[in-house]
Amino acid sequence: MKKRFFLVLLYLVASACISAAAPTEEAKPRVVMVDVWANSEVNSYEAYRALDGNPKTIWHTEFGAKNPPHPHELRIDLGQVWMIEGFTYRARQDHDNGTVDGFECFVGGPDNPQGNLITKGRFGRREPAKEVRFAQPVAGRFFRLRATSEVNGQPWTSVAELEIHVPGVVFRAKSPTWLAFTHPDGRPLDEVELEFALLERDLRRKAYFAAVQAETFNPHALIWSSDRDPVDIALRRLQALLEDYRQTWGLELSWGWEKWRRLAEEGARIPVEDRDARLGLFRQISRLRRQVAFANPLLDFDRLLILKRHLARYDHMCDQYYGVNAEPGGGLYIIHNPFSDNPREENLLANSVVEQGRLAGQKLEGGAFLSPDLSYDATRIAFAYVECRGDRAHRFHTDPSQGHWHEGWCYHIFTVRTDGTELKQLTDGTWNDFDPVWLPNGRIAFISERRGGYLRCGRVCPTYTLFDMAADGSSKRALSIHETNEWNPTVTHDGRILYTRWDYVDRHGVTAHMPWVTTIDGRDSRAVHGNFTPRQFRPDMELDCQPIPGSVKFVATAAPHHGQAFGSIVIVDPRRHDDDRMNPVRRVTPEIGFPESQGGALAYGTPWPLSENYYLVAYDPRAIDGEGIRPRGFEGEPYFRGDYSIYLVDAFGNKVLIYRDPTISCQNPIPLKPRPVPHQVPELIPPPITSQEYVAPLPRGTSPALARVAVINVYDSLHPWPPQTKIAALRVVQILPMTVPSGQPPHEIGLRLPEAQDSVMLARYVLGTVPVEPDGSAYFEVPANKEIFFQALDERGLAVQSMRSATYLKPGEFLVCKGCHDPRHHAPSFSLRLPTALTRAPSSLSPEADEANPFSYARLVQPILDRRCVPCHMENQGAINLGREPLQGKWFASYVNLASKYGFWSYRHSYRTIPGQFGARASKLRQILQGDHYGLKLEQEEFRRLMLWLDLCSIFYGVYEAEGGQAQLRGDIAYPTLE
């Protein structure tokens with residue numbers, strides 16, 4: 001009775017409080033800021049995003065290497081007692097990952113933060129919103145939503161928005177604490193004051209700097225335990241800069257040393273507690289640092305090329321490069337006397353008129369610019385430009401001769417001389433072409449959508465990959481036929497193309513966006529490092545890679561997946577052992593963590609190395625980890641243009657402003673001076689004589705050109721093989737690029753792998769098998785210009801190992817593999833005898849099954865079930881249905897019943913395949929069929945076909961398109977539109 005009286009009294013008091021502040025019908029609801037906590041969250045998917053009022057941002061529990069099991073819960077401190085009438089759960093709308101099924105709701109008072117269970121139930125499949133009304137209002141301050149299961153049975157939880165129902169009140173989460181960038185009177189901090197405040201913040205993060213110490217390129221960029229305030233840090237880093245001049249060039253700078261000593265003595269006298277006096281001293285140090293920094297012998301040029309542009313209007317590593325997301329504004333500029341007190345800017349295209357192409361006679365005005373590159377003789381600039389005209393609608397089709405956009409909303413490539421003359425349009429059409437780079441052979445490499453296809457995780461994102469063309473725009477060809485996106489080609493000192501590839505064959509999509517290299521004619525494409533690295537240990541992406549003069553290392557931007565091409569600056573040494581961690585990578589700017597994977601901000605980008613210690617970069621000092629005014633960091637957040645300016649950054653932690661435009665971001669600094677032409681590797685693949693605007697498919701029935709592959713020893717492996725394993729053959733599997741948008745595909749290729757739930761499964765062909773000799777060697781021919789991977793088969797024809805990456809070969813190319821998933825940085829073991837396979841002619845591919853080329857479950861598997869299994873299963877009540885009907889999710893009933901429980905669809909490892917724990921060897925179906933299953937005796941060919949299906953991750957379809965899928969359901973042969 002007393003408890004009931006207390007609740008009634010509490011209700012009356014709370015109602016009175018609410019009524020006193022209740023708005024009229026015309027008034028806006030009261031917004032109350034609350035604290036939000038979760039027992040699991042991921043960077044950029046933090047708990048507060050569930051109550052930020054934006055359904056495009058979400059809270060998501062940990063995924064990838066860590067998958068904490070249910071229950072997952074959100075806890076909200078409402079700050080005071082309210083009468084809560086219920087809540088609304090809004091699921092993410094892009095796909096089902098993490099969508100809550102089972103739930104429990106708790107409400108508690110000030111003395112009971114855990115709360116009492118008010119209601120529980122199941123939400124079921126995704127709908128726009130699920131509203132839950134309590135039987136009667138409940139008084140409480142603490143609200144807790146516990147997710148007990150997910151609609152797909154996965155160990156994740158996500159919430160787009162959680163609305164707690166209190167009449168007249170809207171609850172919003174408090175964002176992370178922001179660093180103030182203004183004085184108390186509202187005046188903005190100047191450059192020196194801002195740096196001082198940022199260093200004060202860094203001093204409060206000594207534990208973080210200690211954690212990244214071993215990963216940092218130069219220790220001076222860290223915060224030391226002896227640092228007391230920003231003055232100590234600035235003096236130490238300036239001393240390191242002066243000392244490097246002395247050691248590297250014998251440059252004494254006696255005037256710099258003398259001033260430094262005087263400032264150091266003053267720093268020793270002024271108490272650390274006297275912040276105003278220390279800030280004044282910091283100003284003096286900053287002035288001296290600028291003078292010393294601009295005395296660098298590497299700054300031997302008086303003109304600096306930069307690009308001005310706004311950030312794209314969508315935050316994603318792919319979407320930022322579609323012209324439809326461009327924000328108009330900017331251009332190409334030359335900064336004269338950039339290292340003086342009075343730099344002067346020149347709009348390079350102010351008086352330029354296009355001389356060649358569709359836009360001939362026009363100026364490049366009203367659009368947006370992207371990705372400039374300077375020729376080696378410093379006479380010409382290549383860049384991308386989008387007009388920002390026309391409609392932004394996407395064109396849906398599978399015709400490779402057409403692109404997907406209005407030509408006015410596509411980036412096209414132009415060239416211009418450095419005096420503004422000879423402005424020419426090299427590419428056009430309905431494809432995005434961008435990231436041009438001059439090659440040593442006089443051609444231009446670039447990134448283009450002309451290959452066709454879409455990414456496999458989420459929505460309408462056409463794939464773009466590596467191309468090249470003649471300097472006049474003719475003779476275009478696809479250097480890469482990779483099925484997913486690629487970025488930012490550049491040229492290494494030894495004459496190869498260094499670029500970034502998204503490589504996620506049977507792996508999670510938020511992994512493996514790392515550097516690859518290929519010859520300038522597209523041969524021997526291979527990962528540099530990091531292709532199998534768990535994302536929490538390394539950057540999500542390494543973009544804008546540039547070789548460092550006088551070094552084998554290269555610099556890159558550690559960028560996010562769900563964000564734009566900014567983050568932290570790193571150095572990569574490809575000679576160092578790739579340990580699937582940070583061994584080849586060092587942080588140049590350790591104060592900024594890696595975006596998304598480690599919560600870092602989008603602070604730095606487009607680095608141009610002068611040496612291992614000195615860089616020109618775009619930098620926004622207000623973009624800091626977890627705090628501050630930062631540019632849109634992640635997919636779905638409100639638009640923010642960023643405030644990037646050009647800085648000289650060194651490895652010791654010094655940052656000196658070179659040029660700023662307060663109205664628009666400045667990026668892509670390039671010294672306007674000649675550079676050495678890289679070593680030119682002989683080309684074996686001649687460029688096409690005629691220009692082909694798109695990649696035309698090979699006519700059906702035409703024999704493709706061939707290439708050769710040799711494997712020295714399949715047993716030379718990263719992971720040990722099962723005992724007594726004998727590899728008898730290699731299977732060659734072709735993967736097919738996605739030809740329809742993945743947001744709502746016409747059908748699913750098969751069950752999505754637990755390790756890749758975010759991605760549509762790859763359709764694949766089985767091209768055939770080749771023998772492996774007793775010494776582990778193989779030598780064989782494969783069709784050129786097809787993306788393939790290999791599986792190692794035992795004597796029974798079962799896959800023991802399978803690649804989770806892919807390769808391709810050009811016509812006539814000869815590729816040699818040392819082993820099977822071999823350790824990278826050691827030489828193969830040699831004997832006096834040549835590997836057996838290389839003593840004979842190359843093997844030709846032996847077809848495995850016509851029904852797997854193109855693959856079709858309806859033709860490969862179902863006929864065997866119809867003959868051998870369906871009659872018995874129909875007669876025995878309780879046996880699973882192995883027939884064709886009823887269709888479920890556009891799959892046969894047999895597939896639904898077999899694949900998940902008895903097939904192979906989980907690698908049980910997020911990144912690598914463990915030998916012997918793959919495919920048919922790891923499936924329950926093989927165990928059943930090899931046992932005494934009610935006297936069933938399959939013919940050898942039938943058994944082989946079923947095992948082949950299991951080795952292909954138990955997929956159903958071999959095509960992506962709706963028409964082809966319908967044909968395969970009928971049992972007809974269907975070919976994909978893009979191979």
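A strand here is a DSSP run of E with at least two residues, and strands are numbered from the N terminus. With that in hand, here are some close-up views of this predicted model.

**View 1. Thr-606 sits in strand β29**. Although Thr-606 is not a glycine, its phi is positive, at about 40°. Is this residue buried or exposed? Thr-606 has 8% relative accessibility and therefore counts as buried, since buried means under 20% relative accessible area.

**View 2. Strand β29 belongs to an open sheet of four strands**. Follow the order β29-β30-β31-β32, and you will find the pairing antiparallel. At the edges are β29 (604–609) and β32 (655–659), each of which pairs on one side only. On average, neighbouring strands of this sheet are turned by 30° against each other, direction ignored.

**View 3. Strands β31 and β32 run antiparallel**. Look for the four bridges that join β31 (residues 645–650) to β32. Across from Lys-655 in β32 stands Val-649.

**View 4. Asp-435 is part of strand β17 (residues 433–438)**. Here, too, is a residue other than glycine with a positive phi, this one near 55°. With a relative accessibility of 5%, Asp-435 counts as buried.

**View 5. Asn-853 and Pro-854 are joined by a cis peptide bond**. Omega is about 5° for this bond. To find Pro-854, go to the loop between β40 (814–817) and α7 (857–860).

**View 6. A cis peptide bond leads from Glu-885 to Pro-886**. Its omega is near 0°. Pro-886 is in the loop that lies between α9 (870–875) and α10 (893–902).

Technical notes:
Residues are numbered from 1 along each chain as its sequence is written. This is a predicted model: local features need pLDDT of at least 70, side-chain atom pairs count only at pLDDT 80 or more; totals for chains, interfaces and linings use all residues. Side-chain values use heavy atoms; hydrogens and water are left out. Two strands pair if DSSP finds at least two bridges between them. Axes are lines fitted to C-alpha atoms, for helices over the stretch in contact, and angles run from 0 to 180 degrees between N-to-C directions. Buried means under 20% relative accessible area, exposed over 50%, partly exposed in between (1.4 Å probe, protein chains only).
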